[in-house]
Structure formats: C-alpha cells, structure tokens
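Subject: A structure for you to look at

Hi,

Here is the structure I promised to pass on to you. Have a look at it first, and then read my notes below.

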Amino acid sequence: MTRRSYDESDVRVRPNRRGSRPRTKDRPAHEDAVEALVTAVDRGRYTTLVGEGTSSERVVTAMKARELGRKGIVVGDRVGLVGDLQGGPDHLARIVRQHERRSVLRRTADDTDPVERVIVANVDQLVVVTALANPEPRPRMIDRCLVAAYDAGLEPILVLTKADLVDPTPLIEAYAPLGARCIATSTPSDTDVPAGATVEDVLAHTSGLDELRDALTGHVSVLVGHSGVGKSTLVNLLVPDAMRATGHVNDVTGRGRHTSTSAIALRLPGGSGWVVDTPGVRSFGLAHVRLDGIVAHFPDLEPGTADCPRGCTHDEEECGLDAWVDSGRAGPAGAARLDSLRRLLRARSASEDA
C-alpha cells in the first residue's frame, strides 16, 4: 500500500463564527464624529443635542461605544457621535469620543469614601438651594457646597427659598463676607393660587425669580440642595415646559422626598443659558478635596492663618483663627464658620488616617 501525499486541499478550516477579519488593536479615528451636548442620562441611554443653536438642531439618543471603556459620561459633557444621527425615538447613535472638560463638579458619599461621583461637567456656576424653613437650613451643608464650588473653579450662588416664612437677613449677612451672591425667593403655596392657575398667576405671587433669572442668564448653572428645598419648583418657574416633579416635606422627619431622580440640563427661554436640575442630596462628601487646601476655601477665615504656628492643624490651642474670629474680622458668623471648618478638617483627617 502506497502512502498518499497530502496538500493544502486536505486541510479543513472551520469558519469563524465571529467573522474572518483579523483582529487589530488599532481603533478607528472617527474623524466624521459630530459634536453633541449630553443633556440627560438614563440607564445607559444618553440624550444629546446635536447642532445646538442652528436650524438643524435635533435631539439624538445615543449609547456609549465599547471602546470608551469605563470612562463616565455625565450631563454637560461634550461628546462625539457617529452612526444614526437623524434623531427621534427609533434612532440610536454611538458616543465615540469625550471632549476635554472645562470644569467638573464632584462629590463623595462622605469624607471617608474614596469613590468620586461626578455630578456634572462644563458648568460655570453652582447654585446652592436651601430652604429657610421646612426643612431648616443646614449651614454646614452650605459650607461644603461652597468648598466644592471653589475647588472646581465655579462661581457660587446661594438661593434661599421660602423667604415668605422666615426672614432671610441673618443667613444673608452670615454669607455676605464670602463674596457669594445671595438671592432670597418665595413661591406661592397651594392656598395662594387657585386650581388651574396659569404660569402668569403663579409668577404674580413669586418674588426673587427675576433676580435669579438675571444671575443665570448667559451661564451654565447646576442646582444642588436637599430634597424638599424647592429646586424643582424653581426650575419649573424658570423653564415653564420643564415639568419637573415636585414633592412635599415630611412633617415628622423634616426631610423632603426625592422627586428628581436624575440630572437633566434644561435651556432657559430664549436660549440665554442652561440650568441643570439634580436629585436632592443627603450629604456632600469632600474626600476629593486636598486637606491642606480646605481652609483656602473659607475666604473669611483664611487670612487669620497668618498668625498660626508652623504646621498648625487649625484645631489646637495655639491656632491663630480663634483670635481672628474673636476680633470680629471674620464677620458675625465667624464662630459658626470656624466650627464648620474644624468639623470638616476633623472628618477629612479621620478619612486620611483610615
């Protein structure tokens, strides 16, 4: 029996079910990607605005391309889109690029949490919304938001709601030395405006809204605050077609119910700016802020550190801040502000030791 010689026709090749194209590490450049603004994020789907301010402006739903990996896309991001850019509910594009951010507002769950949560990108103003009553104002929460704003390079604005219930003057005077703009507002209760009232009827019983609108015009602003302080109510008045859900404060706990479940960017009427409404927060951790830089974000106290001994932790008997506050140079709220600073420093020190 003679041995048969074999050639290449005898080799069986199984077809590759994933395709026969050779794999490569080279990624497409996507030079045809179209720039868009992310206005909302919901369960892996991104609402984007293409052609902003042009006659071809349209809303496009997109998903993040696999090649972006774990890179997070948030409201306010400028991204590059490819694929189906027609817009509409039956069309889906892909986000293939994240453009460089001008600013980023971050927070952590608490001062010991190493995980940063990016709230919004590319804004230039942080509007801290707090109620003067029901729920009661929390100055330490305000201080934390101001530190986060200064750290991110944002201009802070303090908006005090329900000014018809409590005199806002003491709180305004407490934060006036910081240079942060304070705006007191009041909106009508259910008994002030009858059922079926128009937006004009509501505005007739509202105060401070024009000043707030002027402060937001020409800017991209993010609203941050506890649940129940009136953020969504303000947004609905500023952007009448926003239709953001509003809720009531629990009479027993004094806490509001989460009505905004996700961040969303809304354009002010006339295209004069953007506001980003965010869900209510219970805490505002600052684990991402450097410990030695926190005191610099208390401009009413920072000059007093000139009299501190070298290596002062600002929480010891020799600290020069006590004399600074006692002299009145930190303003009427100096003692409370110093207490807030020291509580914040202790919490951060504990997190770093851990």
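A strand, as I use the word here, is a DSSP run of type E with at least two residues, and strands are numbered from the N terminus. Ser-221, for example, sits in strand β11, which covers residues 220-224. Please keep in mind that this is a predicted model.

Let's stay with that serine for a moment. Is Ser-221 buried or exposed? Its relative accessibility is 0%, so Ser-221 counts as buried. Setting aside neighbours within four places in sequence, Ser-221 is in contact with Gln-125, Val-127, Leu-216, Trp-274, Val-275 and Val-276.

Now for the whole chain. You will find seven helices and 13 strands in it. The chain has 354 residues, and 43% of them count as buried. If you take the contacts between residues at least 6 apart in sequence, 63% join residues at least 24 apart. The accessible surface is about 20000 Å², with 48% of it belonging to carbon and sulfur atoms.

Next, the inside. The largest nonpolar core has 51 residues, and those touching the most other members are Leu-105, Leu-126, Tyr-175, Phe-284, Leu-301 and Leu-341. Helix α1 (residues 139-152) gives the most to this core, namely seven residues. Another core, of 21 residues, lies apart from it and includes Val-127, Leu-216, Val-229 and Ala-242. Back in the largest core, Phe-284 touches, among others, Leu-105, Ile-119, Met-141, Cys-145, Ala-148 and Val-224.

Which of its residues are buried? Leu-209, Leu-212, Ala-215 and Leu-216 are. These four cover an arc of only 120° around the axis, which means they are on the same side of α4. An α-helix has 3.6 residues a turn, so residues three or four places apart point the same way. Asp-210 and Asp-214, on the other side of α4, are exposed. After α4 comes Gly-218, with a positive phi near 80°.

Last, the cysteines. How many disulfides does the structure hold? The number is zero. Cys-319 is in no disulfide, and its nearest cysteine sulfur, in Cys-308, is 3.8 Å away; a disulfide would need the two sulfur atoms within 2.5 Å. Cys-319 counts as buried because its relative accessibility is 5%, and Cys-145 counts as buried at 1%.

Enjoy exploring, and write back with any questions!

Best wishes

Definitions and conventions:
Residues are numbered from 1 along each chain as its sequence is written. This is a predicted model: local features need pLDDT of at least 70, side-chain atom pairs count only at pLDDT 80 or more; totals for chains, interfaces and linings use all residues. Side-chain values use heavy atoms; hydrogens and water are left out. Buried means under 20% relative accessible area, exposed over 50%, partly exposed in between (1.4 Å probe, protein chains only). Contact means heavy atoms within 4.5 Å. Accessible areas come from the Shrake-Rupley method with a 1.4 Å probe; for residues, only the protein chains shown count as cover. A nonpolar core is a set of buried Ala, Val, Leu, Ile, Met, Phe, Trp, Tyr and Cys residues joined through side-chain atoms within 4.5 Å. The arc is that of the directions from the helix axis to the C-beta atoms.
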